Amino acid sequence: MPTKRVNFNMASECHALLKSYCAIRRISVSDYCYELIAEDFSHACRTDPMIRQLLIAGEYPRNSKAALLKETIMQEFSNE
């Protein structure tokens, strides 16, 4: 599955702390940021109907992370 690159700016002292934190955890900065964003998005899908609809309306490659999240959310909210 192709991936897209995301860039953002951060104060140099925060970047240094982030790199050190990730080094201690033995995880890349990219993987750590992805985890945080995925966790926040998953939470938003469960608490915000508009974000949930955004996820459900999309079509995603089979077994992709987005498709699996969509399946999980649809099961959790099947009674609505």
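Mentor: From H2, the residues in contact are Phe 41, Ala 44, Cys 45, Arg 46 and Thr 47, and on H3 they meet Pro 49, Ile 51, Arg 52 and Leu 55. Sort the residues of that contact by type and you get six nonpolar, one polar and two charged. Bear in mind as we go that this is a predicted model. As for geometry, the axes of H2 and H3 are 6 Å apart and the packing angle is about 110°. Angles from 65 to 115 degrees count as roughly perpendicular, so H2 is put down as roughly perpendicular to H3.

Now go to the contact of H3 with H4. H3 covers residues 49-57 and H4 covers residues 65-76, and their axes come within 9 Å, crossing at roughly 125°. That angle makes the two helices oblique to each other. The crossing of H3 past H4 is left-handed. On the H3 side you'll find Arg 52, Leu 55 and Ile 56, which meet Ala 66, Leu 69, Lys 70, Ile 73 and Met 74 of H4. By type, the residues here split into six nonpolar, no polar and two charged.

Two residues of H3 turn up in both lists: Arg 52 and Leu 55 are among those that meet H2, and they are also among those that meet H4. Arg 52 deserves a stop. This arginine lies in helix H3, and its relative accessibility is 10%. Buried means under 20%, so Arg 52 counts as buried. What does Arg 52 touch, leaving out residues up to four places away in sequence? The partners are Cys 45, Arg 46, Thr 47, Ile 73, Phe 77 and Glu 80. Cys 45, Arg 46 and Thr 47 are in the H2 contact we started with, while Ile 73 belongs to H4.

Let's move to the loops. The one between H3 and H4 holds Asn 63, whose phi is near 65°, a positive value in a residue other than glycine. That's worth a second glance, since most residues other than glycine have a negative phi. Is Asn 63 buried or exposed? Exposed, with a relative accessible area of 58%. There's another case in the loop between helix H1 (12-25) and helix H2 (29-47), where Arg 26 is found. Arg 26 isn't a glycine either, yet has a positive phi of about 60°. With a relative accessible area of 79%, Arg 26 is exposed, whereas Arg 52 is buried.

Finally, step back to the chain as a whole. There are four helices and zero strands, and the order from the N terminus is α-α-α-α. The radius of gyration is 16 Å, well over the 12 Å that the globule rule gives for 80 residues, so the chain is more spread out than a compact globule. Its C-alpha trace spans about 45 × 25 × 20 Å along the principal axes. Of the 80 residues, 21% count as buried, and Arg 52 is one that does. As for contacts with a separation of 6 or more, 31% of them come from residues 24 or more positions apart.

Technical notes. Residues are numbered from 1 along each chain as its sequence is written. This is a predicted model: local features need pLDDT of at least 70, side-chain atom pairs count only at pLDDT 80 or more; totals for chains, interfaces and linings use all residues. Side-chain values use heavy atoms; hydrogens and water are left out. Axes are lines fitted to C-alpha atoms, for helices over the stretch in contact, and angles run from 0 to 180 degrees between N-to-C directions. Angles under 35 degrees count as roughly parallel, over 145 as roughly antiparallel, 65 to 115 as roughly perpendicular and the rest as oblique. A crossing is left-handed if the near helix is turned anticlockwise from the far one by less than a right angle, and right-handed if clockwise. Contact means heavy atoms within 4.5 Å. Ala, Val, Leu, Ile, Met, Phe, Trp, Tyr, Cys and Pro count as nonpolar, Asp, Glu, Lys and Arg as charged, and the others, Gly among them, as polar. The radius of gyration is taken over C-alpha atoms; the globule rule is 2.2 Å times the number of residues to the power 0.38. Buried means under 20% relative accessible area, exposed over 50%, partly exposed in between (1.4 Å probe, protein chains only).
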